[in-house]
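Subject: Structure handover

Hello,

Please find the structure below, as promised. My notes on it come after.

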Amino acid sequence: MRSPNISMESKRELVLFLHEFCTLSKSLPLVQQLRLFRDLSGEGVFEIVSDVLQSQDRKIVSAGTDIVILFLNQDPNLLRSYIVQQEGNSLLGLLVKGMVTDFGEQMHCQFLEILRILMDSFTMSGAHRDVIIEIFYERHLDYLVDVIASSCPSRSATRTSPNSAVVGGNTEGHRIKPEILLNVCELLCFCVVHHPYRIKCNFLMNNAIEKILTMTRRSEKFLVVAAVRFMRTIISRNDEHLIRHVVKFNLLKPIIDAFVENGDRYNMLQSGVLELLEHIRKENLKPLVIYVTESFSDQLMKFEHFGSIQAFKLKYQQYLESADMKLSASVPDMRKKAEGRGLEKEEEDYFNERYSVFCFVIDCLFCLQYSFAECAINDGAIFCS
């Protein structure tokens with residue numbers, strides 16, 4: 001397979017043979033399976049797979065992804081070690097690019113599964129744990145976010161047809177299926193859950209959340225629902241910085257706009273937005289409750305027949321009443337402090353007066369001792385003659 005003189009037909013047959021060979025290995029005991037896959041990895045099987053994934057033949061590309069999944073199910077660290085040791089990290093890039101390429105036959109779902117297993121923080125171990133995540137976020141995350149942003153219409157543009165959208169620049173003019181965009185959004189939600197700190201830094205610096213929410217402008221309802229689910233995943237982290245970012249950049253506006261445009265149609269979009277607001281209320285996310293109510297109260301007014309909207313508004317009123325009670329409670333406290341200061345002043349004057357009398361008595365006794373004729377006190381001073 002490494003021979004430069006091999007024909008395409010022979011190469012195709014060898015790839016299919018390798019796929020069948022790896023599949024049959026599942027009949028071996030687990031220890032022998034692991035030994036076999038480690039030997040194949042040492043012989044350069046991932047280099048062969050990298051070459052296969054660049055083929056235009058969909059059948060052998062599918063065989064290549066199946067081989068990768070077999071390795072991942074056996075020991076994901078074998079592939080992770082290879083990606084980390086690669087200078088150009090071409091295999092990881094090919095997997096990411098394959099996810100947004102229309103190979104047909106739902107192959108983009110296979111690429112999604114491969115990337116999920118690779119990025120699964122619960123199965124990562126060893127020195128490569130942080131390195132593989134860093135490579136993905138530094139070199140490939142922005143690419144996936146841009147694929148979504150460039151596949152969605154601008155605010156001024158009309159919505160695209162439900163069949164496809166042209167991606168400018170990032171995929172060389174290829175058409176991206178809505179199902180592929182859905183998988184990209186699912187991968188981003190997965191990253192939010194598994195790498196909350198790392199992806200938060202990217203979101204705060206590059207304003208990627210706003211780009212992903214452009215899916216609310218698509219005509220396909222399941223993509224709009226995916227955008228709502230993405231925002232729900234972000235808010236479920238209960239991260240103070242992300243919540244402040246959402247409020248600062250008015251990032252719930254696309255969600256509310258889509259909800260209002262949907263009207264009274266009972267569907268997944270309506271349920272998803274109502275559940276998002278219910279989560280904000282139940283989790284007592286005060287900044288978001290105040291932001292939503294004060295920014296979108298006019299738009300949500302016609303949906304007050306929903307119990308979740310009524311409860312949301314009631315929560316906002318409770319915040320206002322609580323703030324008023326604190327303000328009114330602070331006034332008596334100030335009076336008490338003033339009265340306390342007045343009492344302290346009276347006590348101070350009282351003791352100062354008593355101290356002056358005490359000093360006068362002491363001085364008088366001193367004068368009597370030395371036979372002074374008269375003693376008098378005037379403004380705290382002692383006069384003796």
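Predicted model: local features only at pLDDT ≥ 70, side-chain atom pairs only at ≥ 80, totals over all residues.

Residues are numbered from 1 along each chain as its sequence is written, and side-chain values use heavy atoms, with hydrogens and water left out.

Salt bridges

There are 15 salt bridges in the structure (a side-chain nitrogen of Lys or Arg within 4 Å of a carboxyl oxygen of Asp or Glu). One of them joins Arg 116 and Glu 186, at 4.0 Å from N to O. The two residues lie 70 apart in the chain, Arg 116 in helix H7 (residues 107-119) and Glu 186 in helix H10 (residues 178-194); helices are DSSP runs of H or I with at least four residues, numbered from the N terminus. Arg 116 is partly exposed at 28% relative accessibility, and Glu 186 is partly exposed at 21% (buried is under 20% relative accessible area, exposed over 50%, partly exposed in between, with a 1.4 Å probe and protein chains only). Arg 116 and Glu 186 also belong to a salt-bridge network with Arg 229.

Asp 239 and Lys 200 form another salt bridge, at 3.2 Å from N to O. Asp 239 sits in the loop between helix H13 (221-236) and helix H14 (240-248), and Lys 200 is in helix H11 (residues 196-206), 39 residues away. Asp 239 counts as buried because its relative accessibility is 19%, and Lys 200 is buried at 12%.

In the bridge between Arg 218 and Glu 220, the closest N and O atoms are 2.9 Å apart. Arg 218 is buried at 0% and Glu 220 is buried at 5%.

Nonpolar core

The largest nonpolar core has 111 residues, and Phe 136, Phe 230, Met 231 and Leu 252 touch the most other members. Such a core is a set of buried Ala, Val, Leu, Ile, Met, Phe, Trp, Tyr and Cys residues joined through side-chain atoms within 4.5 Å. Leaving aside residues up to four places away in sequence, Phe 136 touches residues including Leu 92, Met 119, Leu 187 and Cys 191 (contact means heavy atoms within 4.5 Å).

Helix pair

Helix H5 (residues 76-85) packs against helix H8 (residues 128-139) at about 60°, with the axes 10 Å apart. Axes are lines fitted to C-alpha atoms over the stretch in contact, and angles run from 0 to 180 degrees between N-to-C directions. Ser 81, Ile 83 and Val 84 of H5 meet His 128, Val 131, Ile 132 and Ile 135 of H8.

Regards
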